[in-house]
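Thanks for coming. I will walk through a few contacts and a sheet, and I will say what each term means as I use it.

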Amino acid sequence: MSDIINILPDSVANQIAAGEVVERPASAVKEMLENAMDAGATAIELIVKDAGRTLIQVIDNGCGMSDSDARLCFERHATSKIHKADDLFAIRTMGFRGEALAAIAAVSQVELRTRQHDSELGTEVQVEGSDVKEQCPCNCAPGTSIAVKNLFFNIPARRNFLKKDSIELSHIEEIFRRVALANCDKDFAFHHNGRLLYDLKASNLAQRIAGLFGNNYKERLFHVHEETDIVRIDGYIGKAEYAKRTRGEQYLFVNNRFIKHIGLSSAIEKAYAELIPERTYPSYFVMLEVDPSKIDVNIHPTKTEVKFTDESVIYAILRAATKKALGQFSLATELEFNPSTEFDFAPAPKDYTPQPPKVSYNSNYNPFASQSETRFDSFSSKKSPSRHEFEHFFDDTDKPSARSEECASTPSLIPNAEHATGTTQKTSEMPLSYLGRYIVSTLKSGILIIDQQRAHERIIYERLMLRMEQSQAAAQQLLFPVNCRFNAGDSEVLMEMFPELKQLGFAIEPLGQNTFVVTATPVDITDNDIQSLLEQAISDYKGSMMQKFSDRKQSLCAALARQTAVKAGATLYPQEMQQLIADLFSCQVPHTAPSGKRTMFILNEQELAERFK
Ligand code: ADP
Ligand code: MG
């Protein structure tokens, strides 16, 4: 039988390797920015067109390459960063595998121009699908410019797999943020389709965070700092009240390398335990420095995962440092803390009591006002079939009549324990009480248990959906227009959401530079933090785009409802609880929240009897 094994040509091997290294434009951006950092650049420019489909260019003022290196760098396993196996244990550079440029060149058309600082002339190399097409001397500034054109031009399947531009751009932006945060002492500029999205001058981490995320971040963060023999910690952590529903803004770096590390992330998150509600996540920007011989960055091809020798010790120190920054308790005697004063953000004052996240409520909304007085006329008057379902549960004495006059003067869904404790159950037609986050009521037919937050989400969600369907935007003008600023990717997403937001009653106009002015919001939503509200809506919307969730409107209404709903721990007046229950049963789908999770259940007598067997 003849031999059947052959060695794959380099071009094919490179394409296969490219699959691992270059998944999407953002992966090429990551490799190129990291190469610039490794080359000692102090000023880096990223130029992108069409979210990286047609052009990704990185221009740096780093060391540049010699004529022959300029050609060699596209070979597989061509690296200047390690020479022998031992070097693997003392890595201080970002790259070391020598795979990235080979992989990128295998799936695009690359134009490299590079010049070493002591050379008169530079060199230009053109590569297309791994083939070097041309190399010639050229005039160029010292440093390196690599332009990657038409990514995946030779792999249509990969090209077609790319997501819409706003998503690819937000991936690129995320990479840019990570590199820019890790190197705040360098200048960075980022252009997309001719627009300058970021222009960041070398400064400190605090300024860099403000430059990337907006100046308002200065109020949102505490400084965290700790130095020990094993690890040096420096950075900023978000105040508890700014915790978010997604893990988006969690940045952890080791020796200037962005990492993902479940253990260390949870060290930070655990320090927030009980300060923030379940399933919300604090923001953090934390830099760790450890001896490079005590970490292994080699375990993951895209190198965001890292192993530490002293993991449990670092965990404990990081957690303690975070707690201390949050002002929870002083560990000064336990560990020698030495807070630095050179940053703009002060640590939490000693008497700081962390605030729970702001709860949004409509201070004008009085659920007990008569129907004609409410601003929800179009909804309140709507009798859905499930109303019967509701009435079925209560007999005449149990049925909440939410329109009693006494109730009309009661403040609305204000989650404030003070109000609740000061109120006597004046008009409680239905025996109600709280069990943790649940409202419990006894019915003729059993025990009704309602998750207050989910129930309210359902109610708001259906109101918003109805507005959209009927195109009956009911807007309230804001007394003071609010300016909001987002990162570039989010701004693009927000603009895509404009039609839906307008349908709901938002009035938003772009002011340029990723800033928007909001002059009106839907009447159902009176959120005093419109920036956070929109941030959440954008982040949910992005999530739904990625999952190809068919109905973007649904996801937008669900996000807004979740953000605006009265929170699980808030205490309501008995009358408010009753109104909530009445409103819930007026919904078309009262049993589940927009997320699909249960809003309530009823334990009937039979089930109770089972338990007493
Ligand atoms: P690695 O970074 O793992 O060494 P790459 O394929 O990313 O592998 O790059 C190969 C080599 O090309 C690098 O080791 C470096 O010597 C050179 N190189 C790449 N980009 C630059 C740049 N921007 N400036 C100077 N040299 C560069
Ligand atoms: Mg590299």
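The side chains of E496 and K164 meet in a salt bridge, 3.1 Å from N to O. A salt bridge here is a side-chain nitrogen of Lys or Arg within 4 Å of a carboxyl oxygen of Asp or Glu. This is a predicted model, in which local features need pLDDT of at least 70, side-chain atom pairs count only at pLDDT 80 or more, and totals for chains, interfaces and linings use all residues. Residues are numbered from 1 along each chain as its sequence is written, chains are lettered from A and ligands numbered from 1 in the order in which they are written, and side-chain values use heavy atoms, with hydrogens and water left out.

Back to the pair. E496 is in helix 16, while K164 is in the loop between helix 5 (156-161) and helix 6 (165-182), so the two are 332 residues apart. Helices (H or I, at least four residues) and strands (E, at least two) are DSSP runs, numbered from the N terminus. E496 has 24% relative accessibility and counts as partly exposed; K164, at 37%, is also partly exposed. For these words, buried means under 20% relative accessible area, exposed over 50%, and partly exposed in between, with a 1.4 Å probe and protein chains only.

Helix 16 has another such link. E492 and R195 form a salt bridge at 2.9 Å, N to O. E492 lies in helix 16 and R195 in strand 8 (residues 195-200), so this pair ties together parts that are 297 residues apart in sequence. E492 is partly exposed at 24%, and R195 is partly exposed at 37%.

How many salt bridges does a search of the whole structure find? It finds 21. One of them joins R454 and D451, with the closest N and O atoms 3.7 Å apart. D451 is buried, with a relative accessible area of 3%. Elsewhere, E173, E174, R177 and R178 are joined into one network by salt bridges that share partners.

Now, what does helix 16 pack against? Helix 15 (residues 452-470) and helix 16 (residues 488-504) pack at about 105°, with axes 8 Å apart. Axes are lines fitted to C-alpha atoms, for helices over the stretch in contact, and angles run from 0 to 180 degrees between N-to-C directions. That makes the two helices roughly perpendicular; angles under 35 degrees count as roughly parallel, over 145 as roughly antiparallel, 65 to 115 as roughly perpendicular and the rest as oblique. L464, R467 and M468 in helix 15 meet E500, Q503 and L504 in helix 16, where contact means heavy atoms within 4.5 Å.

Two strands pair if DSSP finds at least two bridges between them. Strand 9 pairs with strand 10 (residues 232-238) in the antiparallel sense over 7 bridges, and E227 stands opposite R232 in strand 10.

Last, a backbone point. Most residues other than glycine have a negative phi. N256, in the loop between strand 11 (250-254) and strand 12, has a positive phi, near 65°. N256 is partly exposed, at 36%.
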